[in-house]
Amino acid sequence: MRILIAEDDPALAGFVKKGLEAEHYAVDISADGEQSRAMASEFDYDLVVLDLVLPRLDGVAILRYLRTRKPSMPILVLTARSRIEDRVQCLDLGADDYLIKPFSFSELSARIRALLRRSHLPAESVLTIEDLKLDRVERRVERAGKRIDLTSKEFALLEYLMRNAGRRITRAMIIEHVWNLSFDTCTNVVDVYVFGRWQPVDSVRAAVVALGLQRMRDIAVSCSVLTLLPGHKTVVDPIVFWEHSLGCALVCRQFARRIGFSDPGKAYLGGLLHDIGVVAHLWVLPNEFQKAMALAQKNHIALHLAEKEVLGFTHGESGGMVAEHWHLTPDLISVIEFHHDAVNAQQHRDLVAVVALSDLLCRMGGIGYGYVEECEVNFLEEPAFAMLIEECSGLQTFDWARFTLELEGYIEEVRRLVGVLYRPK
Ligand SMILES: [Fe+2]
Ligand SMILES: [Fe+2]
């Protein structure tokens, strides 16, 4: 079951989320009133935990709005306002329960269970497939009458699969619903997506409020990459190039954060700039580069391999020279030069490996250069992967298989994001 916590105190929201996830709920957090209202009306939450004091739109307004749109959605008000009048007002407006801060988590959890029991018919709360039974309210799983203990994620996965029994489920769907990746990602890709759908960003201030200054800066820097391309028509569609660069930047940063890399911002920049050699080729060698691109498209091979054949060198090599000429920092120069030849990088090998792997994941995930590359890639057998493990010994025990699965789902999100930002309907 999915719960939305509308709460602007990050520590409190994090604490409640952690506790509820331990009880097998899928939990989303929103710290902003307008965003909470939008999320609660768009998605089918089983319950909303609502703080009354929220930026941009207060809880009472959200409550009033949701009651007209979603009369049966359980709403539990969780607030520091302890006056009788506040309680009466909220209950009159349709809140199903009212809990005053400070509160004990066990009481909150019990009240949530009680609300869910009331709001779900027994048929909805217990899923049954043959002898397998999953009680969504009591959070119990039994097979042939024997209780099975599952972790939160296992429970959520089983629940999701049982609810969709007989339907085709993609990895991306599982990632989104079970791992909650959309809402956990540091880029808050879905926030951007959600915001873009409900409310046009009509001023810089509105954009900053909605997206956060950091993300606005990222977007501004990212868009400036587009201005590097020649103005005339080229063999690479500027949007395709931008998508690849931005996609790679986002994946790099996510990747860097998940493995505890020291500077995710630098990884983002590395991803964004790694292919500036392609830009150089478009400017300086347009005809030769066109031939290389045609060969790559015809044979469905990686662009750098086609360049090597036609030009005798790759965009990595020429990009390295451009980067030096531009006096970029040595780590970025290394990334740009060696992202297709990671094993030969002498310096900043961890950053190079992060970008090399992210680039590969993007290309394999459909955020490449506008054509399909046909090659079998096993991420875990890539030389750059071995390099990364070598550079960061703590990663040996990391759950890579699951992480690569997550990244694949993340790439779907990135594709959706760039679609929203750059391919408006
Ligand atoms: Fe490249
Ligand atoms: Fe690339």
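**View 1. Asp275, a buried residue in a predicted model.** Asp275 counts as buried because its relative accessibility is 0%, below the 20% cut-off. The model shown here is predicted. Asp275 bridges two iron ions, ligand 1 and ligand 2. These two ions lie 3.3 Å apart. The pair of Asp275 and His339 links distant parts of the chain, 64 residues apart. Asp275 sits in the loop between α14 (264-273) and α15 (276-284). His339 sits in the loop between α19 (330-338) and α20 (349-364). His339 is buried too, with a relative accessible area of 3%.

View 2. Asp275 coordinates the iron ion (ligand 1) through OD. His315, His339 and His340 each coordinate the ion through NE2. The distances are 2.1 to 2.2 Å. In sequence, the donor residues follow the spacing D-x39-H-x23-H-H. What angles do the four donor atoms subtend around the iron ion (ligand 1)? They subtend 82 to 168°, so the arrangement is irregular. For reference, four tetrahedral donors have an ideal angle of 109.5 degrees.

View 3. Arg139 is found in the loop between β7 (132-135) and β8 (140-143). Is Arg139 buried or exposed? Arg139 counts as buried, because its relative accessibility is 8%. The Arg139 side chain reaches the backbone oxygen of Arg136 at 2.2 Å. Leaving aside residues up to four places away in sequence, Arg139 touches Met1, Glu23, His24 and Tyr25, as well as Arg147, Phe155 and Glu159.

How values were computed:
Residues are numbered from 1 along each chain as its sequence is written. Chains are lettered from A and ligands numbered from 1 in the order in which they are written. This is a predicted model: local features need pLDDT of at least 70, side-chain atom pairs count only at pLDDT 80 or more; totals for chains, interfaces and linings use all residues. Side-chain values use heavy atoms; hydrogens and water are left out. Donors are N, O and S atoms within 2.8 Å of the metal (3.2 Å for Na, K and Ca); water is not among the atoms, so sites may look incomplete. Four donors count as tetrahedral if all angles lie between 85 and 135 degrees; four count as square planar and six as octahedral if opposite donors are over 155 degrees apart and all others between 65 and 115; anything else is irregular. Helices (H or I, at least four residues) and strands (E, at least two) are DSSP runs, numbered from the N terminus. Buried means under 20% relative accessible area, exposed over 50%, partly exposed in between (1.4 Å probe, protein chains only). A polar contact is a pair of N or O atoms within 3.5 Å; within protein, one must be able to donate a hydrogen and the other to accept it, and residues adjacent in sequence count only if both atoms are side-chain atoms. Contact means heavy atoms within 4.5 Å.
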